[in-house]
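Open the model in your viewer and keep the sequence beside it. This tour goes stop by stop: select, look, move on.

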Amino acid sequence: MTEPTAQRNERLRDGLHAVWEGFIVLLVCINLGLIIFDSLFILAPINEALSNWLPELHQRYDATIHRNFQLIDLGFVAIFILDVLLGWTVALFERRYTRWYYYPFAHWYDVLGCIPLTGLRWLRVLRVGSLLIRLQRLGLIDMRRWAIFGVAHRYYSLLLEELSDRVMVRLFSRMQQEIGASDDLSRRLLEEVVRPRKERLLNDLSRRMQSMLETGYRDNRGAIEGYVGALIHQALQNNPEVTSLRRLPMGGRVADTLDQALADIAARLLQGAAEGLQSPQFQRLARNLADEFFEAWVYQDENTDLALEELLVDVIEVLKQQVLDRRWSRFVGPIQPPSPPG
């Protein structure tokens with residue numbers, strides 16, 4: 001089946017659904033209109049006014065509709081129940097839901113609207129929304145251009161923001177209470193969260209240590225060698241034996257040569273150490289250092305447990321204050337509506 005044919009079939013199916021929805025919406029309007037009129041008819045002032053102004057219409061309505069209103073409403077209810085069953089059957093045929101029993105939950109307003117109770121009858125008006133969505137999908141209307149749609153979408157978004165903020169604040173408060181009530185939270189965090197990732201953390205620490213040393217030496221090689229040379233020169237200047245050596249004939253040249261030799265040896269040692277960062281020996285050394293750092297970091301006592309719990313509570317409190325700030329409530333301009341369904 002080609003794509004255009006599939007699209008035409010889908011549009012035809014949506015069109016048939018829209019026609020049926022329009023028919024049901026018309027019946028809903030008629031039914032709700034009768035409910036409103038009959039509710040007003042039983043009021044004494046309105047009943048007397050109709051009896052005086054339109055006696056024939058009053059008598060005919062009272063005899064044919066008002067006295068049989070329950071039966072008439074049950075007739076509408078029967079049609080609405082038939083509509084729910086037909087819609088359920090079509091949904092099963094089209095595989096619209098993953099489970100066969102999802103339909104009445106997805107169309108709860110239709111199911112409740114079939115109950116002939118005054119409070120539930122008004123749920124039938126929600127069928128208008130279903131019809132509008134189908135017309136929007138067919139391209140016959142564009143609700144995004146309606147002013148009422150922009151206003152409704154704006155306050156719907158604000159309502160969702162308010163509800164989500166309240167839920168998040170409640171959740172954060174519950175987390176803070178759990179942290180305060182738990183005696184082994186820090187131990188569980190370290191044992192169940194940190195230690196299982198020890199190998200990855202050690203690999204990352206050793207890699208970062210190696211990269212830091214390589215980059216630091218490469219970018220500051222001259223300064224490092226100059227600093228080491230200055231230290232060697234200062235040490236030789238303060239050494240009594242070297243001072244005595246300088247008093248001997250040719251001793252000053254020997255001391256200067258020694259100074260230069262030691263500085264050159266130190267520079268070669270630094271260069272060799274930098275080049276040996278990739279060696280297995282240094283990898284083992286970096287690994288051992290990272291392991292020592294990790295064990296010192298996860299060491300636990302009463303003070304570290306309390307500090308970790310206070311840290312978590314304060315972090316959650318900052319998140320709560322950020323949520324309670326409600327920056328969305330200061331929004332003034334119109335909210336851009338989302339893309340229409342379908």
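Start with the whole chain. The protein has 16 helices and zero strands; these are DSSP runs numbered from the N terminus, with helices (H or I) of at least four residues and strands (E) of at least two. This is a predicted model, where local features need pLDDT of at least 70 and side-chain atom pairs count only at pLDDT 80 or more, while totals for chains, interfaces and linings use all residues. Residues are numbered from 1 along each chain as its sequence is written, and side-chain values use heavy atoms, leaving out hydrogens and water.

Colour by accessibility. Of the 342 residues, 24% are buried. Buried means under 20% relative accessible area, exposed over 50%, and partly exposed in between (1.4 Å probe, protein chains only).

**Stop 1: the core.** Select Ile-24, Leu-27, Val-28, Leu-32, Ile-35, Phe-69, Phe-76, Phe-80, Val-84, Ala-91, Tyr-103 and Cys-114. These twelve residues form the largest nonpolar core. Such a core is a set of buried Ala, Val, Leu, Ile, Met, Phe, Trp, Tyr and Cys residues joined through side-chain atoms within 4.5 Å. Helix H1 (3–41) and helix H4 (69–93) each give two or more residues to this core. Now centre on Cys-114. Leaving aside residues up to four places away in sequence, Cys-114 touches Val-77, Phe-80, Ile-81 and Val-84; contact means heavy atoms within 4.5 Å.

**Stop 2: Arg-95.** Go to the loop between H4 and helix H5 (103–106), where Arg-95 is found. Its phi is near 55°, a positive value in a residue other than glycine. Is Arg-95 buried or exposed? Arg-95 counts as exposed because its relative accessibility is 73%.

**Stop 3: H14.** Select residues 251–275. Helix H14 has 25 residues and reaches 36 Å from first C-alpha to last, close to the 36 Å expected at 1.5 Å a residue; the expected span is 1.5 Å times one less than the number of residues. Gly-251, Ala-255, Asp-259, Ala-266 and Ala-267 are buried in H14.

**Stop 4: H12 against H14.** H12 and H14 pack at about 145°, with axes 9 Å apart. Axes are lines fitted to C-alpha atoms, for helices over the stretch in contact, and angles run from 0 to 180 degrees between N-to-C directions. Residues making the contact include Ile-232 of H12 and Leu-262 of H14.

**Stop 5: Asn-203.** Asn-203 lies in helix H11 (residues 198–219). Asn-203 and Ala-290 are 87 residues apart in sequence, yet 8.3 Å apart in space, C-alpha to C-alpha.
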